[in-house]
Amino acid sequence: MKLTSIPKARRTLMIGLACFFSGALTHIHAIEIDPNSNYMKNGQPIEPWKYSVGNGLNYSIAVIDQHATTTRKNLTVSPITKENKNDAINLKWKGKKVKNEWGGNILYDTFFSVGHHQINLESVKDVAALGFEIKINKQPNDKVTISMQCNYDNKCKGAFQLKCGLLNLPEDEWTQMFIPLDCFSNDGEFDYSNITSILSVATQGKLDIDLANIGLVAMATGDLGCVK
């Protein structure tokens, strides 16, 4: 597995996730299209990875040709232009809630996920970070969870809250965000040897973001993740 390195000369405090740990901001360099370390390129999933969306009414709706809508239309996925036609995707959460008889939201979290494949990242969990290009069009008004899933099991999940990080990013500007893999460890219980969803973003609130590229990068010596 070949990882792109974060240039040491351009390392700085990770503005987007300063609430959680120290890291880096930079721009994506040219990367090989390898599904072991690259998961989205120019808005398209790297095969065999696939996009899906869902909520409490339907947990598995395929994204086809960069288009999808969840049940009750709370989240829509559509292609956009970053530099070239359809080289990024827009994710727009409307913040809809469908109440049950006790006042709870039967939609639960509405999510976008990159998964439907298996990968073993055990050997790089302490030295690599998940990087993605993101643009904030509308800041979140509720908690936002970013997670990885293992063993095709919703109970096998590593997750943490991302709202604070997103609120620290500039709006209407493409930014490269890095999240060290050990941030998904959940106190060492997460199974990095069988990751089946490499990234999932979920919220019950309103949020509007664009995504272009997702892949692994190697952290520079001395960079700290979430596990101290």
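The questions and answers below go through a predicted model of one protein.

Student: How many helices and strands does the protein have, and what share of its residues is buried?
Tutor: The model is predicted, and both values are computed from it. Of the 228 residues in the protein, 51% are buried. The secondary structure comes to one helix and 15 strands.

Student: Is N55 buried or exposed?
Tutor: N55 is found in strand β4, which covers residues 50–55. A residue counts as buried under 20% relative accessible area. N55 has a relative accessible area of 0%, so N55 is buried.

Student: Which backbone nitrogen lies 2.9 Å from a polar atom of the N55 side chain?
Tutor: Leaving aside neighbours within four places in sequence, N55 is in contact with T70, T71, L107, D109, T110 and F111. The 2.9 Å distance runs from a polar atom of the N55 side chain to the backbone nitrogen of L57.

Student: Which residue of β5 stands opposite S52?
Tutor: Strands β4 and β5 (residues 58–62) run antiparallel and are joined by three bridges. A hairpin of two residues leads from β4 to β5. The residue of β5 opposite S52 is A62.

Student: Is the disulfide of C150 and C156 left-handed or right-handed?
Tutor: The structure holds two disulfides. In the one formed by C150 and C156, the sulfur atoms are 1.7 Å apart. The torsion about the S-S bond of C150 and C156 is about -90 degrees, so this disulfide is left-handed.

Student: Are C150 and C156 buried or exposed?
Tutor: The cut-off for a buried residue is under 20% relative accessible area. C150 has a relative accessible area of 0%. C156 has 13%, so C156 is buried, and C150 is likewise buried.

Student: How many residues apart are C183 and C226?
Tutor: A disulfide joins C183 to C226, with an S to S distance of 2.1 Å. This pair links distant parts of the chain: C183 is in the loop between β13 (174–180) and β14 (195–203), C226 is in the segment after β15 (206–218), and the two are 43 residues apart.

Student: Is the disulfide of C183 and C226 left-handed or right-handed?
Tutor: C183, at 7% relative accessibility, counts as buried. C226, at 32%, counts as partly exposed. The torsion about their S-S bond is about 80 degrees, so the disulfide of C183 and C226 is right-handed.

Student: How many of the seven residues of β8 are buried?
Tutor: Strand β8 covers residues 88–94. The strand is mostly covered, and the buried residues number five.

Student: Which residue of β15 stands opposite K94?
Tutor: β8 pairs with strand β7 (residues 75–80) in the antiparallel sense over six bridges, and there P79 has I89 as its bridge partner. β8 also pairs with β15 in the antiparallel sense, over six bridges. In β15, the residue opposite K94 is K206.

Terms used
Residues are numbered from 1 along each chain as its sequence is written. This is a predicted model: local features need pLDDT of at least 70, side-chain atom pairs count only at pLDDT 80 or more; totals for chains, interfaces and linings use all residues. Side-chain values use heavy atoms; hydrogens and water are left out. Helices (H or I, at least four residues) and strands (E, at least two) are DSSP runs, numbered from the N terminus. Buried means under 20% relative accessible area, exposed over 50%, partly exposed in between (1.4 Å probe, protein chains only). A polar contact is a pair of N or O atoms within 3.5 Å; within protein, one must be able to donate a hydrogen and the other to accept it, and residues adjacent in sequence count only if both atoms are side-chain atoms. Contact means heavy atoms within 4.5 Å. Two strands pair if DSSP finds at least two bridges between them. A disulfide is a pair of cysteine sulfur atoms within 2.5 Å.
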